[in-house]
Amino acid sequence: GSHFGKMATTIPGNAERSARRAAAASIMLVAAVAVVVFVGAAERQRSVELEVDCSVSPWSPGCRPPSMMDMINAAEHKAQSNADAQAKVKAEMLKAQNKHAAELRLQNKADGTTQDLASTKYNGVDIASPDSVKDSFHRSLLKGGRAAVEAKARKLRDQILADSGTLMDYGDKVGKISSPAGLAKLS
């Protein structure tokens, strides 16, 4: 028993070497197939975006607050959208006004009367002139009494309220531009 004698007995023979080589080659082949399968499966899957923890990396693009430029761009977009909506409503109102004016001209033509839309005269009374209104009420009082004056006053009041309502409702119909979110916090 020397040390060299033990070594000689542990060196494998040709048959054992061949078996070990075959086992190592088969393990490497199985590992290579597994890698190919894994890579192929990974390429077929969609990429997965991990959610960013803003407390850890606050400067990542998903975590930063909107910049002043972002707010300006949003306000410009909103202003353009509102301007487009206002132009559309204005065009519709102008179309309706022109249609109403044409209908009124046809009606007046059939009645034999003409009325200018810019005029302040309604049924022969200039409502912009206090003297004309007083004179009209006086004539109505002489013809039909108090009930006739009240009926005429109601008719004039309704006409004036309808005209002023049309003017005052225009702003509500066209919409308003809201201030950018950043400016709302400052006020």
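This is a predicted model: local features need pLDDT of at least 70, side-chain atom pairs count only at pLDDT 80 or more; totals for chains, interfaces and linings use all residues.
Which residues are buried in H3?

**View 1. Helix H3 and its buried residues.** Helix H3 covers residues 68-111, a run of 44 residues. From its first C-alpha to its last, H3 reaches 63 Å, close to the 64 Å expected at 1.5 Å a residue. The buried residues in H3 are Asn82, Val89, Ala101, Leu104 and Asn108.

**View 2. Helix H4 from end to end.** Helix H4 comprises 15 residues, 130-144. The distance from its first C-alpha to its last is 21 Å, close to the 21 Å expected at 1.5 Å a residue. Glycine 145 follows H4, and its phi is positive, near 80°.

**View 3. The buried and exposed faces of H4.** Val133, Ser136 and Ser140 are the buried residues of H4. Seen down the axis of H4, these buried residues fall within an arc of 65°, so they line one face of the helix. An α-helix has 3.6 residues a turn, so residues three or four places apart point the same way. Pro130, Asp131, Lys134 and Leu142 are exposed residues carried on the face of H4 that is turned away from its buried side.

**View 4. A nonpolar surface patch that includes valine 37.** Leu29, Val33 and Val37 together make a nonpolar surface patch of about 290 Å². Valine 37 lies in helix H2, which spans residues 14-44. Valine 37 counts as exposed because its relative accessibility is 53%, and the cut-off for exposed residues is over 50%.

Notes:
Residues are numbered from 1 along each chain as its sequence is written. Side-chain values use heavy atoms; hydrogens and water are left out. Helices (H or I, at least four residues) and strands (E, at least two) are DSSP runs, numbered from the N terminus. The expected span of a helix is 1.5 Å times one less than its number of residues. Buried means under 20% relative accessible area, exposed over 50%, partly exposed in between (1.4 Å probe, protein chains only). The arc is that of the directions from the helix axis to the C-beta atoms. Patches are made of residues with over 30% relative accessible area and no salt bridge: like charges are joined within 9 Å, nonpolar side chains (Val, Leu, Ile, Met, Phe, Trp, Tyr) within 5 Å. Accessible areas come from the Shrake-Rupley method with a 1.4 Å probe; for residues, only the protein chains shown count as cover. A salt bridge is a side-chain nitrogen of Lys or Arg within 4 Å of a carboxyl oxygen of Asp or Glu.
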